[in-house]
Amino acid sequence: MFVTIKNLNFKYPGNDDWVINDFDYTFKKGDIIGILGASGSGKSTLLRLMAGLEVPHTGEMLLNEHILFNSREIIQPENRNIGMVFQDYALFPHMTVEKNIGYGITSRKNKNKRIKEVLKLVEMEDFAKRYPHELSGGQQQRIALARALAPKPSLLLMDEPFSSLDHDLQIKIREELRSIIKKAGITSVFVTHNRENCESISDEIIELEKGKIKYNNHKITS
Amino acid sequence: MNLNRLKAHVNGWFIASTLIISLIVLPNLNIIFRVFDGASENWAHIQKYLLPGYALNTSIIVLFTGLFTLLIGLVSAWLVTAYEFPFRKFFSWGLILPITVPAYIGAYTYQGLFNYTGVVQSFFRNNLGFGTGVNYFDFMNLKGSIFVFTIFLYPYVFIITKSFLKKISASIIESGKLLGKSNLEIFFQIILPISRTALVGSVSLVILEVINDYGVVKYYGISTFSTAIFKTWFGMGDTASAIRLSALLMVFVFLLLSMEKALRGRKKYSYSSTKIRPMKRQQLEGMKKYLATIFSSIIFSLGFLIPVIQLLHWGYLTYSKVIDIDFILMTVSSISVSVFASILVIVTALIVGNYVRLSNTKISKVYSKVVTIGYSIPGAVIAIGVITLLIFVDRQLRGFYNNSSFISGNLLLSTSLFMLIFAYVIRFLAIGYQSIDSGYDRIGNKFTEASRLLGENSLSTFFKIDLPMIKPAIYSGVVLVFIDLVKELPLTLILRPFNFNTLATKSFEYANDEMIHEASIAALIIITISLLAILSMNRLFKKEAA
């Protein structure tokens, strides 16, 4: 299995309740997994734990057979090779689109080539010199996705990627998003509270409740 | 905490912050521990005959200055926010300007203006037939000091209350009106209670400034805790009593701060909607609009115009005598030390601030409180803590100094600029930290997290993402600390190395040596620097808002 999570437990400091409670799951390579749940169900926390932005109390996670954390070691976020699209995109406001995308690319030689590639992938080639505030919500989302994909991560995480968009744009973007991710061939996990968005984009759905899996199903996709 | 969690929290930021926090706490702990060393022979005398006077004078000044700054600050802030009257726009920033005049400079300027040979009494004698040989005005007393503190410190209340009132929603006032309340009733029943937090917070700042002051009370010959600490330390050479007085003053300050917390109350006023319609200013008509202008003009004149004109006149009379190469060198070194210390304060604030925001632990919360204690502790107390600590360190290092060919003498740290800059950092870190903290708060953690996930570690993220994004907060932090450092007096007077002067100490020394006219040039430079700094910050905020 590509991603394996075992016995994951987490609670926030000063809070007695477990936000993630004995979570076990495995993800297949190339799948898009949607995590569905109400506010406070632990879905965003799960994503942050996978990214390394929170430290679990117990548990183990492997990505492509490499340990990301277990009881003895924990890999820092910058060394996990995981990309993430944030809820409000977190595009660096003092950098142009191409600087934002190039930020995570380590190879200087191929930097410009890779920037062009991902800009083409998200169909934003003409926007390289723009600053984030000069883009619409949908354009910002595509640039955030391009930035996350640019360093060729092993796993892509997306936190409520549609929440900042209006309904019509959500429908348009989610179709594009699925097509871009599938084209990039990257295993992806995204969280949402919107069942419609979740069903239309994911290969597999997990529903969380109080940090536990309420149900999961493998969706039949084309 | 398991091993992974420990590893995640113990990083370079934690180690650097812990070191900084230890350095801040040590001098203060030093005072607390040394209180138990035993009293000197003077202590019984001080305790019986002098201490009640110090406590009474300090309390009277604190109480009345607090009360008057509250009144003037609140009324002027309400006038410029809620009403339209002639020159309102000018007064809405003009009434801030008295903050650029350090209270000790205001003290000797007013004394110079109103003393027997000053311009006011001379005018009365020469033109209005007042008799000679009688001193009609005496500023050198408690009342004079309360006037000076009030007129130069009320801007703290004005600035904070004004920015709070600006955020009050118009619908609150309109609801009051629709419920049949008059303007006065709305002010007392709605505005005053909801402004309580801003008022109590700003008056506390005024009180901390008053307790910290040494210049005004020393010049006016009033015995307070500050002057007593100086007197026992320098006059009597009685370290033990100075430490005991410092500890008592710390207790006094902490009592006041607990009172402040209680006065702020449990009520919190916030809006459920982020869209607040600001109140519309009401046009004052008839006599009322002129009264508003007259009131604002009087405050502006007393706090800025009159003292500055007087200083300019004295400066004109004495500039050729005062300005020489030594004065220029002193000015350059004074400004350089202030710039260096301001940058050091901000670097320190950036390190602790970054640790606090990235590590949401109990320790980080304690650290965020500790960095701000320096501003509550009066300069004289910090000075005693730092000097006794560094003398102790110097004594421990005596062997090393003796063996080193670069160091002459037995005292190095306690006789150098290091000691002064160290104390500056402790005292003014709170101001720098608040600015940096609000900058970090504004950007949140998401950009840092995005950068980490794109492969950068926390140090390179700090330089590539965090620093460029909080540039305005860094700039305003440096400027705010710099303004305070340029005019700082008590710490500098105690801790400066032999023959080292700043603009503040030079000005104060001239005034103390009955050379008030000569003191004006250094005073005018301090006021000009503060004025320029405030104007540049104002421009920055406007640019940011745009």
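How many salt bridges are there between domain 1 of chain B and domain 2 of chain B? The count is zero, and the views below show what the two domains of this predicted model share instead.

**View 1. The two domains of chain B.** Domain 1 is made of two stretches, 1–37 and 323–501. Domain 2 also takes two stretches of chain B, 40–109 and 137–319. Taken over C-alpha atoms, the centres of domain 1 and domain 2 of chain B lie 27 Å apart. Where they touch, domain 1 contributes 22 residues and domain 2 contributes 26.

**View 2. The buried area between the domains of chain B.** Together, domain 1 and domain 2 of chain B bury about 2,300 Å² between them. Carbon and sulfur atoms account for 74% of that area. On the domain 1 side, look for B:Tyr375, B:Ile384 and B:Lys487, the residues that lose the most area to domain 2. These three together make up 23% of what the domain 1 side buries.

**View 3. Polar contacts and the helices of domain 1 of chain B.** Five residue pairs are in polar contact between domain 1 and domain 2 of chain B, with both residues at pLDDT 80 or more. Three helices of chain B, α2 (12–34), α17 (379–396) and α23 (490–495), each supply at least two residues of the domain 1 side that touches domain 2. The largest share comes from α17(B), with six residues.

**View 4. Residue classes on the domain 1 side of chain B.** The side of domain 1 that touches domain 2 has 15 nonpolar residues. Four polar and three charged residues complete this side of domain 1 of chain B.

Technical notes. Residues numbered from 1 in each chain as written. Chains lettered and ligands numbered in written order. Predicted model: local features only at pLDDT ≥ 70, side-chain atom pairs only at ≥ 80, totals over all residues. Heavy atoms only, no water. Domains from an automatic or database assignment. Contact = heavy atoms within 4.5 Å. Buried area = accessible area lost by both parts, 1.4 Å probe. Salt bridge = Lys/Arg side-chain N within 4 Å of Asp/Glu carboxyl O. Polar contact = N/O pair within 3.5 Å; in protein donor to acceptor, adjacent residues only side chain to side chain. Helix = DSSP H or I, 4+ residues; strand = E, 2+ residues; numbered from the N terminus. Nonpolar A, V, L, I, M, F, W, Y, C, P; charged D, E, K, R; others polar.
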